[in-house]
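My notes are below the display.

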Amino acid sequence: MMHFINNIFSIFKNLTIAEKLIFFILLLSSLFLVFVEVITFSSIYNLFSDDIENTNSFIIEKIYDYFGDLFVNKKDFFIALFTLSLLSKNFILLFHQFASNKFVYTLYANSSSKLLNSYFTKNLYDFLKKNKSEYLKNIIKETYHVYVGIINSLMNLILELIYL
């Protein structure tokens with residue numbers, strides 16, 4: 001198990017600063033998704049509660065204090081808040097999925113390219129000793145398993161842990 005964790009950390013050590021920044025931005029967007037989810041569920045609760053004037057959420061009260069003058073009553077505010085939070089959550093989730101997939105597949109493509117270049121720099125005699133299908137398997141399948149299989153799964157695991 002420790003060997004597996006060390007391998008994961010070694011993958012992250014090999015990332016450039018820009019790639020680490022993108023990974024951090026993806027984690028922040030996950031946190032923002034959780035925040036929008038809290039607002040969505042709070043607005044649903046307050047919309048269907050019997051006592052609409054007494055809200056239990058600090059966040060909802062602060063938002064109402066800021067935007068409450070734009071609405072006739074609190075029920076209209078909760079309907080607008082629910083709609084806005086649901087739409088923004090879906091757009092943020094769409095961005096997050098696109099950026100996450102682009103990030104992982106870019107890492108996969110860069111790693112495959114580096115591996116191919118390392119094979120090109122090998123001595124021709126050493127290169128011809130090995131079967132070409134072994135090289136292709138390493139370039140295509142193994143890097144795919146590392147980045148798309150492991151890194152993407154770890155990013156989804158981190159996202160689910162943030163949701164908890």
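The entries that follow go from ground rules to salt bridges, then spaces, then surface.

**Ground rules.** I am working with a predicted model, where local features need pLDDT of at least 70, side-chain atom pairs count only at pLDDT 80 or more, and totals for chains, interfaces and linings use all residues. Numbering runs from 1 along each chain as its sequence is written, and side-chain values use heavy atoms, with hydrogens and water left out.

**Salt bridges.** I looked up salt bridges (a side-chain nitrogen of Lys or Arg within 4 Å of a carboxyl oxygen of Asp or Glu). The structure has 2. In one, the side chains of Glu 37 and Lys 89 meet at 3.3 Å, N to O. Glu 37 sits in helix α2 and Lys 89 in helix α4, so this pair ties together parts 52 residues apart in sequence. I take helices as DSSP runs (H or I, at least four residues), numbered from the N terminus.

I then checked burial (buried is under 20% relative accessible area, exposed over 50%, partly exposed in between; 1.4 Å probe, protein chains only). Both Glu 37 and Lys 89 are buried. Glu 37 has 18% relative accessibility. I also listed its contacts (heavy atoms within 4.5 Å). Leaving out residues up to four places away in sequence, Glu 37 touches Lys 89 and Tyr 163.

Lys 74 bridges to Glu 61, with the closest N and O atoms 3.3 Å apart. This pair joins helix α4 to helix α3 (residues 58–67), 13 residues apart. Lys 74 is buried at 6%, whereas Glu 61 is partly exposed at 25%.

**Spaces.** I used a 1 Å grid over the protein atoms alone: in a cavity a 1.4 Å probe fits but cannot get out; a pocket is an open set with protein on both sides within 12 Å along at least five of seven lines; lining residues have an atom within 4 Å of a point. The largest pocket holds about 190 Å³. Helices α1 (2–13) and α4 (74–120) each give two or more residues to its lining. α4 gives the most, with 4. Tyr 147 is one of the lining residues.

I found 1 cavity of 30 Å³ or more. The largest cavity has a volume of about 80 Å³. Helices α2, α4 and α6 (132–163) each supply at least two lining residues. Among the lining residues are Phe 23, His 96 and Met 155.

**Surface.** Leu 21, Phe 24, Ile 25, Leu 28 and Leu 31 make a nonpolar patch of about 470 Å². Ile 25 lies in helix α2 (residues 17–48) and is partly exposed at 41%. Patch residues have over 30% relative accessible area and no salt bridge; like charges are joined within 9 Å, nonpolar side chains (Val, Leu, Ile, Met, Phe, Trp, Tyr) within 5 Å.

Definitions and conventions
Accessible areas come from the Shrake-Rupley method with a 1.4 Å probe; for residues, only the protein chains shown count as cover. Grid points are joined across faces, edges and corners, and a volume is the space filled by probe spheres set on the points.
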